[in-house]
Amino acid sequence: MTGYVGFLTSMLLKNGKLPVEQARVIQQRAKDSDDKRLAMILIQNGYVSKEDVVQSVTRYVQEIVFRLFTWTQGSFFFEPDKQPDQGRITVPIELGNVIMEGSRRVQEWERLQDELPDLDMALKFTDHPDAKLRNISLSPEEWKIISYVKPTNSIRQIAKVHSMNDFQIRKTVYGMLQAGLVELIRPPNMVVPAAEAATRGARIQRATAPAVKRGIINRLIDRIKRL
Amino acid sequence: MQTVKMVVTGPFNSGKTQFIRAISEIDVVSTERKISSDPEKVKDETTVAMDFGRITVDDDLILYLFGTPGQKRFDFMWEILSEGMLGFVVLIDSARPETFREARRILEVFRGYAPTPYVVAANKQDAPDAWLPEDLRIALKIPDDVKVLPCVATGKESVKSILLELLYSILEEMDAEGIEEEA
């Protein structure tokens, strides 16, 4: 399905509006149609509704923007007022809401990173199950993970098996930790390099108080005076 | 390439966007939106995420200026924008005393994020009923060691003087902490 990532069929598929096989067949038959024409055909033939199309495109675009919010480094190029190709479907998205939701996700992501900083740790079932476990109900994601919980499997390995990204695995494992279902343990033979620990400490330090030299301040002063 | 940043904060309609526009070498990347709520209808648009300006010092150093959103409902952006700042400017509309309490709150919140130097800019000094900087200091209970400076954010020279005073404050704090230049 990777051949048409970013096009209408993949958006509808991702949003659960088309089954995989149907999406594949539609994409093959409509490879010369642009998204707008394809949407018209799908709506007219009753495969999806107009609302399905708008909702799928909106969610797809928002997910891309939300993912950008979680970047800690990288480059991007901003082109104001640039429109996509004519055949692509555009939808109005309210900027304030996107920023609010994006910011909420950043905070959630930071919290998950604080609670579960190291994906090379492993999981084991708790030795002292809490009474609340009697009524626990697991999500499909949690069930997927359960069968791989053992001290020799790192969380990163479990995520890889299930094609889960860092955010998804952290969120799911955090839920299981909070429920008292599993505990974190250090896998056998795991060594934390001293340099890595030092780098982490330095990174936290930089976030709060940037180490800036007097020379930099003087250069800033000279530049602003010359403006 | 090293980048450093300063934050310009203050209550709604205190002049943060104008401040950054006055000095940025690029068109300010602004996220202004039409205002819908009546109590805030003193102007047509407001910043919802941030304003972003840039001053290139040389090939190795760039100063970024971030303006915070003024409306309270967007204050979740403040902490994100304040991370790693060299210092910050608190802009106050000197002619609207009803905003002074909010300015005090913002100042305290930013002091809580990071113990970096800051200056208070008494903006709109060209308004007929503007409070003088020293009167503002008393009203806002600003300590004597913090600079309260007159400002007209539409004027480049005025904005330059505010940023320079902030940089001098940063140097003074380095002196006080005995931070040495690397050999």
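Helices (H or I, at least four residues) and strands (E, at least two) are taken here as DSSP runs, numbered from the N terminus. With that in hand, welcome to a set of close-ups of a predicted model.

**Figure 1. Chain B, element by element.** Five helices and seven strands make up the secondary structure of chain B. Read from the N terminus, their order is β-α-β-β-β-α-β-α-β-α-β-α. Chain B has 183 residues, and 43% of them are buried. Among the contacts in chain B with a separation of 6 or more, 70% join residues 24 or more positions apart.

**Figure 2. The largest nonpolar core and the elements that build it.** This core holds 47 residues, and the members that touch the most others are B:Met6, B:Val89, B:Val90 and B:Ala121. Chain A contributes through α10 (214-226), while chain B brings in β1 (2-9), α1 (16-23), β4 (61-67), β5 (87-93), α3 (100-113), β6 (118-123) and α5 (156-177), each of these elements giving two or more residues. The largest share, six residues, comes from α5(B).

Figure 3. Which residues are in contact with B:Val90, once its neighbours within four places in sequence are left aside? They are B:Thr9, B:Gly10, B:Ala103, B:Ile106, B:Leu107, B:Tyr118, B:Val120 and B:Ala121.

**Figure 4. Helices α10(A) and α5(B), packed across two chains.** The two axes come within 10 Å and cross at roughly 165°. Angles over 145 degrees count as roughly antiparallel, so α10(A) is roughly antiparallel to α5(B). Their crossing is left-handed. On the chain A side, the contact involves A:Arg214, A:Ile217, A:Leu220, A:Ile221, A:Ile224 and A:Lys225. Facing them from α5(B) are B:Lys160, B:Leu163, B:Leu164, B:Leu167, B:Ile170, B:Leu171 and B:Met174. Sorted by class, the contact of α10(A) with α5(B) has 10 nonpolar residues, three charged ones and no polar ones.

**Figure 5. Helices α4(A) and α5(A), packed within one chain.** Here the pair is α4 (residues 50-69) and α5 (residues 95-115) of chain A, with axes that come within 9 Å and cross at roughly 50°. At that angle, α4(A) is oblique to α5(A). The crossing of α4(A) past α5(A) is right-handed. From α4(A), the contact draws on A:Gln62, A:Val65, A:Phe66 and A:Phe69, and from α5(A) on A:Val98, A:Glu101, A:Gly102, A:Arg105 and A:Val106. The residues of this contact divide into five nonpolar, two polar and two charged.

**Figure 6. Two positive phi values in chain B loops.** B:Asn13 sits in the loop between β1 and α1 of chain B, and its phi is near 65°, a positive value in a residue other than glycine. Is B:Asn13 buried or partly exposed? With 19 other C-beta atoms within 10 Å, B:Asn13 is partly exposed, because being buried takes 20 or more. B:Lys124 also has a phi near 65°, again positive in a residue other than glycine. B:Lys124 belongs to the loop between β6 and α4 (133-140) of chain B. With 24 C-beta neighbours inside 10 Å, B:Lys124 counts as buried.

How values were computed: Residues numbered from 1 in each chain as written. Chains lettered and ligands numbered in written order. Predicted model: local features only at pLDDT ≥ 70, side-chain atom pairs only at ≥ 80, totals over all residues. Core = buried A, V, L, I, M, F, W, Y, C linked by C-beta atoms within 7 Å. Buried ≥ 20, exposed ≤ 12 C-beta atoms within 10 Å, placed from the backbone. Contact = placed C-beta atoms within 7 Å. Axes fitted to C-alpha atoms, helices over the stretch in contact; angles between N-to-C directions. Parallel < 35°, antiparallel > 145°, perpendicular 65-115°, else oblique. Left-handed = near helix turned anticlockwise from the far one by under 90°. Nonpolar A, V, L, I, M, F, W, Y, C, P; charged D, E, K, R; others polar.
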